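Open the model in your viewer and keep the selection panel at hand.

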Amino acid sequence: MRAQPKASHFIDGEYVEDAAGSVIESIYPATGEVIARLHAATPAIVEKAIAAAKRAQPEWAAMSPTARGRILKRAAEIMRERNRELSELETLDTGKPIQETIVADPTSGADSFEFFGGVAAAALNGDYIPLGGDFAYTKRVPLGVCVGIGAWNYPQQIACWKGAPALAAGNAMVFKPSENTPLGALKIAEILVEAGLPKGLYNVIQGDRSTGPLLVNHPDVAKVSLTGSVPTGRKVYEAAAAGLRHVTMELGGKSPLIVFDDADLESAIGGAMLGNFYSTGQVCSNGTRVFVQRKVKDAFLARLKERTEAIVIGDPMEEATQLGPMVSKAQRDKVFSYIEKGKAEGARLVTGGGIPNAVNTEGTYIQPTVFADVTDEMTIAREEIFGPVMCVLDFDDEAEVVARANATEFGLSAGVFTADITRAHRVVDQLEAGTLWINTYNLCPVEIPFGGSKQSGFGRENSVAALNHYTELKTVYVGMGKVEAPY
Ligand code: NAD
């Protein structure tokens with residue numbers, strides 16, 4: 001098996017196995033080949049990981065932020081040196097083309113360690129509050145043991161986006177990757193130790209939806225950060241609430257992308273394609289409801305069809321491949337069922353909808369698909385598909401499109417393409433979403449906060465804002481005079 005790790009879990013600085021855990025097969029989605037066989041964490045493994053984190057955390061928290069940051073920045077350097085190897089592993093884990101993973105996965109994880117390693121020394125300061133004579137000050141203190149639970153679309157990035165701010169702030173982490181993509185996070189753990197991270201601070205355990213609750217319900221866990229679907233978010237939030245644990249919820253979306261008739265059409269089409277087909281459409285912030293103003297609809301669709309049909313689909317390890325398979329057969333079946341619903345409910349299939357020619361038939365490939373004449377009530381316009389399916393909806397005026405764009409339970413992201421600068425800002429001001437783009441789409445550099453509103457979650461990843469979600473304030477009031485008691 002070509003991607004078999006040394007063992008299933010990484011705890012207290014080393015690989016650990018417990019064959020009593022149920023078997024997790026890691027399947028390369030491009031061929032259906034089993035590339036690794038791992039075991040889900042048993043309760044004993046969960047205990048071991050949390051105990052290691054709990055033991056290691058106080059000493060780490062007592063180090064200066066500069067010293068912690070130095071280790072994280074070294075991890076970033078190692079990730080960059082090993083970008084090719086890590087990207088190939090990410091491609092095997094997910095099926096995403098190497099053309100993408102080489103620029104978007106380990107590199108964005110490395111950015112995260114570099115950024116949080118750098119800001120740790122400057123961004124964890126408190127305030128001095130003068131009270132006339134007396135004064136107070138605040139300290140930003142780590143939470144303790146944090147749990148990260150990941151989705152399968154960006155396994156290495158998610159492992160770093162949660163790990164970097166948690167560690168920078170002085171916490172320890174136990175991370176559980178998705179059962180579909182168990183491999184990448186183990187390498188991140190290994191690299192952190194190689195960079196000098198003391199053992200026990202970043203642990204990885206495998207498991208599925210039955211393992212997650214063992215972590216979320218554990219009394220020694222102070223915080224849970226989940227990246228996953230809305231239904232999972234509800235369950236994890238509820239379980240965390242029982243122990244009054246801190247939570248960050250990075251959940252699903254059905255984001256609007258609005259194209260006004262004065263937009264640069266080639267850019268708008270490029271943005272819509274990136275926001276629907278990148279990572280084979282498996283991106284939470286995708287702009288899957290593309291509202292196009294009626295005057296440019298025909299031109300938009302004609303050019304979109306042409307560009308979509310030119311997408312190179314194939315072996316993800318080939319540098320030229322632009323679109324790989326879906327992560328799993330189950331996910332592809334789900335996407336196909338939405339395509340069937342789209343057709344049955346009267347949407348017009350512009351292109352795609354089937355299995356592409358000339359691909360490995362054991363792979364979970366699907367054509368990039370565009371539906372036009374989609375209406376707000378259709379299932380494909382309301383539910384998150386999480387595959388390469390773009391829905392194009394028509395609109396006439398600004399007020400109408402803003403109201404329709406907001407008529408969803410989700411609120412992760414939104415985008416606007418227009419040449420009118422005042423309209424651009426007016427519209428984003430009214431859109432209900434956590435992360436918005438003007439004249440571009442889906443760019444998430446580590447410097448900017450990322451996260452959702454409404455049912456898409458809360459808390460923010462990336463940027464200095466993320467540190468607030470991995471720390472809490474301690475306030476100290478200092479009395480400078482004598483205590484005057486009335487009794
Ligand atoms: P999922 O909700 O099925 O699983 C996510 C993770 O939660 C997995 O590791 C899973 O094992 C675990 N899990 C499931 N049930 C659990 C429970 N009861 N307690 C604890 N853990 C549990 O999601 P997925 O299919 O892996 O990923 C796709 C979803 O993730 C989509 O909805 C997508 O929009 C969302 N997503 C969101 C973001 C974001 O940043 N907002 C990023 C990527 C993906």
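A polar contact here is a pair of N or O atoms within 3.5 Å. Keep that cut-off in mind for the first stops. Note too that this is a predicted model.

Stop 1: Select Ser229 and the ligand. A polar atom in the Ser229 side chain sits 2.7 Å from a ligand oxygen. An N or O atom of the Arg209 side chain is 3.4 Å from an oxygen atom of the ligand. Now pick Glu250. Its side chain also places an N or O atom 3.4 Å from an oxygen of the ligand. Then show the ligand surface. The ligand alone exposes 850 Å², and the protein buries 92% of that.

**Stop 2: the pocket.** The ligand takes up the space of the largest pocket.

**Stop 3: the shell.** Select the 28 residues around the ligand; Gly150, Glu179, Ser229, Thr232 and Glu384 come nearest. Colour the shell by class. Twelve of its residues are nonpolar, nine polar and seven charged.

Which elements each supply at least two residues of the shell? They include helix 8 (212–216), strand 10 (223–227) and helix 9 (230–242). Highlight helix 9: the largest share of the shell, three residues, comes from there.

**Stop 4: Gly342.** Move to helix 12, residues 329–344, and select Gly342 within that helix. Is Gly342 buried or exposed? Gly342 counts as buried because its relative accessibility is 0%, and buried means under 20%. The C-alpha atoms of Gly342 and Ala372 are 9.9 Å apart in space, with the two residues 30 apart in sequence.

Terms used:
Residues are numbered from 1 along each chain as its sequence is written. This is a predicted model: local features need pLDDT of at least 70, side-chain atom pairs count only at pLDDT 80 or more; totals for chains, interfaces and linings use all residues. Side-chain values use heavy atoms; hydrogens and water are left out. A residue is near a molecule or strand if one of its heavy atoms lies within 4 Å of it. A polar contact is a pair of N or O atoms within 3.5 Å; within protein, one must be able to donate a hydrogen and the other to accept it, and residues adjacent in sequence count only if both atoms are side-chain atoms. Accessible areas come from the Shrake-Rupley method with a 1.4 Å probe; for residues, only the protein chains shown count as cover. On a 1 Å grid over the protein atoms alone, a cavity is a set of points where a 1.4 Å probe fits but cannot get out, and a pocket is an open set with protein on both sides within 12 Å along at least five of seven lines; lining residues have an atom within 4 Å of a point. A molecule sits in a cavity or pocket if more than half of its atoms lie within 2 Å of its grid points. Helices (H or I, at least four residues) and strands (E, at least two) are DSSP runs, numbered from the N terminus. Ala, Val, Leu, Ile, Met, Phe, Trp, Tyr, Cys and Pro count as nonpolar, Asp, Glu, Lys and Arg as charged, and the others, Gly among them, as polar. Buried means under 20% relative accessible area, exposed over 50%, partly exposed in between (1.4 Å probe, protein chains only).
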